[in-house]
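User: I have a model open and I'm new to this. Can you take me through a few residues and then the chain as a whole?

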Amino acid sequence: MLFHPDVMGVDALANKIRKIPNFPKEGILFHDITTVLQSPEYFRLLVDLFTYRYMGQKIDVVAGLEARGFIIGAALAYQLNVGFVPIRKKGKLPFDTLSQTYSLEYGEATVEIHQDAIHTGDRVLLVDDLVATGGTMLAGVELIRRLGGEVAEACAILEFTDLDGAKKIRENGVPLFSLLQNDGAL
């Protein structure tokens with residue numbers, strides 16, 4: 001059975017996301033989107049909600065952040081009839097790459113993109129599952145810009161309003177769209 005977003009919308013999607021208290025550590029309420037991905041109706045709803053937003057815009061390529069951004073981004077790129085570019089953890093891409101390091105709560109991480117993945121002037125849609133501190137998404141923005149691309153918009157399923165990641169992204173001149181917003185606390 002197929003559902004159209006006008007019949008089953010964002011509220012239904014929010015209710016389908018599994019919440020796991022105290023994971024990966026005490027005080028964190030983990031939002032698990034695998035329940036959405038496992039359901040044909042809800043996965044279609046998720047992709048359709050993003051597709052309807054972007055289908056009339058000029059998007060040249062979709063870039064997805066490892067790992068859940070790959071799932072959503074690849075499906076969205078297919079629907080928009082554009083290419084897909086993975087932004088991966090350091091050491092996972094086989095060709096010449098650009099790297100960007102960013103801060104984590106305890107330490108640093110690095111993501112990479114192939115040097116030929118984006119061309120000067122490409123309008124790129126950057127996709128991830130959620131925005132918390134914004135570090136991963138901002139690293140992706142920097143990589144896209146270093147390759148000469150323009151981040152047309154960044155998007156995520158969920159934006160945590162109790163953290164400043166979304167604010168940082170917007171302050172860096174990147175429009176950010178999220179289907180859901182909440183404070184992420186227990």
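User: Is Phe70 buried or exposed?
Analyst: Phe70 is buried, at a relative accessible area of 19%. Buried means under 20%, exposed over 50% and partly exposed in between, using a 1.4 Å probe and protein chains only. This is a predicted model, where local features need pLDDT of at least 70 and side-chain atom pairs count only at pLDDT 80 or more, while totals for chains, interfaces and linings use all residues. Side-chain values use heavy atoms, without hydrogens and water, and residues are numbered from 1 along each chain as its sequence is written.

User: And Phe84?
Analyst: Phe84 is partly exposed, with a relative accessible area of 29%.

User: How many aromatic pairs are there?
Analyst: The count is three. Rings of Phe, Tyr and Trp (its six-membered ring) pair if their centres lie within 6.5 Å; planes under 30 degrees apart are stacked, over 60 edge-to-face, and the rest tilted. One of the pairs is Phe50 with Phe177, edge-to-face, at 6.2 Å centre to centre and 80° between the planes.

User: Where do those two sit?
Analyst: Phe50 is in helix H3 (residues 40–54) and Phe177 in strand E9 (residues 176–182), 127 residues apart. Helices (H or I, at least four residues) and strands (E, at least two) are DSSP runs, numbered from the N terminus. Phe50 is buried, with a relative accessible area of 1%.

User: How many helices and strands?
Analyst: The protein chain has six helices and nine strands.
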